[in-house]
Amino acid sequence: MKGAKAEKGKKADAKLSVKKKAAEKPKPVKRGKAAKDPNKPKRPPSAFFVFMEEFRKTFKEKNPNNKSVSVVGKAGGDKWKTLSEAEKAPYVAKANKLKSEYNSKMNAYNKKQSEPRKKAADDDEEESDKSKSEVNDDDEDEEDEEEEEDDD
């Protein structure tokens, strides 16, 4: 029995040492989502969502007591499936128009985004050769000189 207890103790120590090694390793830094730009244009709705805007209005007129969003969505989906291509055509055309407007807005937005980067790159080149620590060191030296003058 004494031998069995000693072996169990060794196994437990071996397991603990493995866990310690794993815990010592630095964990990879998790990167959060990039912050959303409020100026970025929103994506245009698809033909189905253009249809649903109109369908919701008519459905609420016919069923004013209905408060459930899921019922409206299911009814709209069923109606969309039963529409022929000819009946869907006006919604598809409107969706395509909205998409082309979105694309032009995105092109303008992307141009604006690339311009500040170019300006920032030019500004970086114009900065002095001193590093930030050297600049801070100079400030500290000036403060030391002022203190010495005050002591006199």
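Setting aside neighbours within four places in sequence, Val 50 touches Pro 45, Tyr 91, Lys 94, Ala 95 and Leu 98, where a contact means heavy atoms within 4.5 Å. Val 50 sits in helix α2 and, at 6% relative accessibility, counts as buried. The cut-offs here are under 20% relative accessible area for buried, over 50% for exposed and partly exposed in between, with a 1.4 Å probe and protein chains only. Val 50 and Val 92 are 42 residues apart in sequence, yet their C-alpha atoms are 8.3 Å apart in space.

A quick word on the model: it is predicted, so local features need pLDDT of at least 70, side-chain atom pairs count only at pLDDT 80 or more, and totals for chains, interfaces and linings use all residues. Residues are numbered from 1 along each chain as its sequence is written, and side-chain values use heavy atoms, leaving out hydrogens and water.

Zooming out, the protein chain has 5 helices and 0 strands, running α-α-α-α-α along the sequence. These are DSSP runs numbered from the N terminus, with helices being H or I of at least four residues and strands being E of at least two. Of the 152 residues in the chain, 12% are buried. Among contacts with a separation of 6 or more, 71% are between residues 24 or more positions apart. The chain exposes about 14,100 Å², with carbon and sulfur atoms supplying 51% of that; the areas are Shrake-Rupley values with a 1.4 Å probe, and for residues only the protein chains shown count as cover.

What makes up the largest nonpolar core? It has 11 residues: Ala 47, Val 50, Phe 51, Met 52, Phe 55, Phe 59, Val 72, Trp 80, Leu 83, Tyr 91 and Ala 95. Helices α2 (47-62), α3 (69-82) and α4 (85-126) each give two or more residues to this core, and α2 gives the most, with 6 residues. Such a core is a set of buried Ala, Val, Leu, Ile, Met, Phe, Trp, Tyr and Cys residues joined through side-chain atoms within 4.5 Å.

Beyond four places in sequence, Phe 55 is in contact with Val 72, Ala 75, Gly 76 and Lys 79. Ring pairs also link Phe 55 into a cluster with Phe 48, Phe 49, Phe 51, Phe 59, Trp 80 and Tyr 91.

Terms used: Rings of Phe, Tyr and Trp (its six-membered ring) pair if their centres lie within 6.5 Å; planes under 30 degrees apart count as stacked, over 60 as edge-to-face and the rest as tilted.
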